[in-house]
Structure formats: structure tokens, C-alpha cells
Amino acid sequence: MRLTPKSKTPKGVLLLIAAQIICAVFFLSDVIDDFRGYGATALYDTHILIESASAFLLWMAILFEIRLFFGLLRRTAHLESSLSIAQAAMHDVIEAHFESWGLTPSEQDVATFMVKGMSISEIAALRGSAEGTIKAHMHAIYRKSGTHNRGEVLSLLIDSLMEDSPPTNETT
Amino acid sequence: MARIKVWDPFIRLFHWSLVILFAANSLFVDDDSKLHIWVGYAILALVGLRIVWGFVGTPHARFADFPPSLKRGMAQLSEMATRRKHAHAGHSPLGALMIYNLILTLLVISLSGYLMTTNMFWGTEWPEELHEVAVAWAQISVVAHIAAVFFETRRLGVNLARAMVTGYKNM
């Protein structure tokens, strides 16, 4: 049996975010109404202050969820649908490296295509940007990872995969 | 960079008349006035024409050009997440969902508003409540629509608001 990782598009999360945005709009308009009604005295009203703080926190939570959701979308976009569990795990290790190098979402996307062996012009077409932009992204990837070319990036990744692999069959 | 003709004169006229009429009725015109009712009829007529135009109009105006699809909407969100840039000539998938949302909401507003004027629903509360909830939803949608136009214009480098004035997209 071929095991496949979970890489479905996170529709549930999107639904949750949409529902929370509707609630947050409602609470925010309520808070604004209160401040309109009470004016500056609202600042001394504990109930209104707690209400404002909750509305604010809800908005923060929504922003956090959107960040998380975009991360999930990136993961889904970079994982091909029929990957095995092992390949998905390898992908996660590679992605962890990209994050530890501090790559931006664009650079992570370019680096993923680069590791898959695509040419600059292919990556440019896939991303809908100019080849010069892709070259600039690649230079940023080399700079941030302390490498000089595609080969060095690959050896760095493979090296770490071999080091990080759990010790197996040491007793035999 | 190519200059592509996207929106025909009817679409542009429809869009901006709707902006003016909806803004008028939801913000300025007295709710109980005759004018409010006439503006409402005008909006209903505009939306009706837009629906007809969605079947017989120019290529990008047709519903077949922007079918409602959650899957394609998700794909557009993925493009945002990975910072890929593929501009759409007509409506983008998420833009399309907003168009359907606005058309349906405007129909609900017009029809519930009409029911409030009929004798049959004299004294019943629900048409008025539905009318108000739908208007609030439309206002939230309009704010989201404008925010999305700004965001997508910046993300893709294609001035969407100008395209709705001139009819052309530079992409």
C-alpha cells in the first residue's frame, strides 16, 4: 500500500477564518457604536474595555490564522499530490532549512523549483515573473544559505538529510 | 506589456452607475422617500441587464468566462501565498466569487425592498429585517471588494480600477 501524506487544500481553515471575520466585523462595529454612544467616558467603562480587548484579540487571531493558512497553502503548492510519506518528510526537512535560512515566501518558492532542477526560464514562466527577478531571488538564496551555486545548495541539503537521518541497525 | 481590451462599455457603465446608485441609496437618500424606491428599481433593472449580458455579452462579460469555482479560488490564494503572479485578463477566480456575491445580495436587497412596498406584506417585519441585513452584508462586501482591488493591483502590477474606467488592462 502506498501511503500518501495529507496535502489537501485546507478548506476547513478557510471556512473558519471567514466565519471569524464575520463575527469580528460584528464585534468591531459594536465597539465603534459604543464609543460613538458614550464618547470618552467609554474609556472608564470596564465592560466596553473588555469588549474592545476581545474584539482586538479576535482580529489578531484572524491575522495569525491567515499567516498559518498561507503557510499551509505554500506547503500544499510545493508538495506534489502523489508523494509518498517519505518524500513528504524529506520535503519538510528541506523546507525547514529554507525557513532557517530566513528565505521569504518568494525565495522559498524559487528554491523549491531550483531543487527540483528547473531552469531559470522555466521558473520565471511558472511564477509569472521576469528572469532577472528569478536571478535576484537565486542570489538571495545563495547569500542567505552561504553557498555560491545550485550544486552547493543541493549538497548542503543532502548533507543535512544524511546527518539528520535517525541511526538505524547500529547493533548489527 | 500588452494592452488588452477587457471591459466593454456596458460593463463599465453598469459598474459605475451601480456604484453611484448603491452609494446614494445606502448612505444619502432618505429611506422612506419615493426617490429611494426609484433608485432601488433602477438598481434592480441594472442587475437584470447585467445577468442578461452575462449570457449574450462580450467574451469577458459572460458568466462562462468566470464560472464560480472554489477550487480556482483556492489556486489563486496559493499564488498569493507563494508570491506567484499570473494576472487574469477578465475576472480572477476570487473576483468572480465577489461578483456573484454582489449580484445575489443586490437581488435580495431589491426584492425585499419591493416586498416592503406591497400590501401583502404590510405589517410584517421580516422583509425589512432581511433588507437591512442584506444591505449591511453588501456594504461589507463593497469594502472587501475595494480592498481586494487595491491589493491585487499592487500584487500583480495591473491597475484594475483604471481598467474599469478605460476598459483596457496593461499586462
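This briefing describes a predicted model with chains A and B. Local features need pLDDT of at least 70, side-chain atom pairs count only at pLDDT 80 or more, and totals for chains, interfaces and linings use all residues. Residues are numbered from 1 along each chain as its sequence is written, while chains are lettered from A in the order in which they are written. The model scores ipTM 0.73 and pTM 0.82. For chain B the average pLDDT is 93, and 100% of the residues score at least 70; pLDDT is the predictor's confidence in each residue, from 0 to 100.

**Chain A: overall**

- Chain A has seven helices and zero strands; helices (H or I, at least four residues) and strands (E, at least two) are DSSP runs, numbered from the N terminus.
- Read from the N terminus, the order of elements in chain A is α-α-α-α-α-α-α.
- Of the 172 residues in chain A, 15% are buried; a buried residue has 20 or more other C-beta atoms within 10 Å of its own, an exposed one has 12 or fewer, a partly exposed one falls in between, and C-beta atoms are placed from the backbone.
- Among contacts in chain A with a separation of 6 or more, 64% join residues 24 or more positions apart; two residues are in contact if their C-beta atoms, placed from the backbone, lie within 7 Å.
- Chain A divides into domain 1 (11-76) and domain 2 (82-164), with bounds that come from an automatic or database domain assignment.
- The centres of domain 1 and domain 2 of chain A, taken over C-alpha atoms, are 36 Å apart.

**Nonpolar cores**

- The largest nonpolar core consists of 10 residues, including A:Phe98, A:Leu103, A:Ala111, A:Ile141 and A:Val153; such a core is a set of buried Ala, Val, Leu, Ile, Met, Phe, Trp, Tyr and Cys residues joined through C-beta atoms within 7 Å.
- Helix 4 and helix 6 (131-145) of chain A each contribute at least two residues to this core, and the largest share, four residues, is from helix 4 of chain A.
- A:Ala111 touches A:Phe98, A:Leu103 and A:Ile141, leaving aside residues up to four places away in sequence.
- Another core, of eight residues, lies apart from it and has B:Phe22, B:Val39, B:Leu106 and B:Ile109 among its members.

**A:Glu95**

- A:Glu95 is located in helix 3 (residues 85-100) of chain A.
- A:Glu95 counts as partly exposed because it has 19 C-beta neighbours inside 10 Å.
- The C-alpha atoms of A:Glu95 and A:Asp109 are 10.0 Å apart, and these residues are 14 residues apart along the chain.

**Chain B: overall**

- Chain B contains six helices and two strands, in the order β-α-α-α-α-α-α-β from the N terminus.
- Along the principal axes, the C-alpha atoms of chain B fill a box of roughly 55 × 30 × 30 Å.
- Chain B has 171 residues, of which 19% count as buried.
- Residues 24 or more positions apart make up 62% of the chain B contacts with a separation of 6 or more.

**Interface between the chains**

- At the interface, 13 residues of chain A contact 10 residues of chain B.
- On the side of chain A that touches chain B, helix 2 (46-78) and helix 4 (105-115) of chain A each supply at least two residues.
- Helix 2 of chain A gives the largest share of that side, five residues.
- The residues on that side of chain A are five nonpolar, five polar and three charged; Ala, Val, Leu, Ile, Met, Phe, Trp, Tyr, Cys and Pro count as nonpolar, Asp, Glu, Lys and Arg as charged, and the others, Gly among them, as polar.
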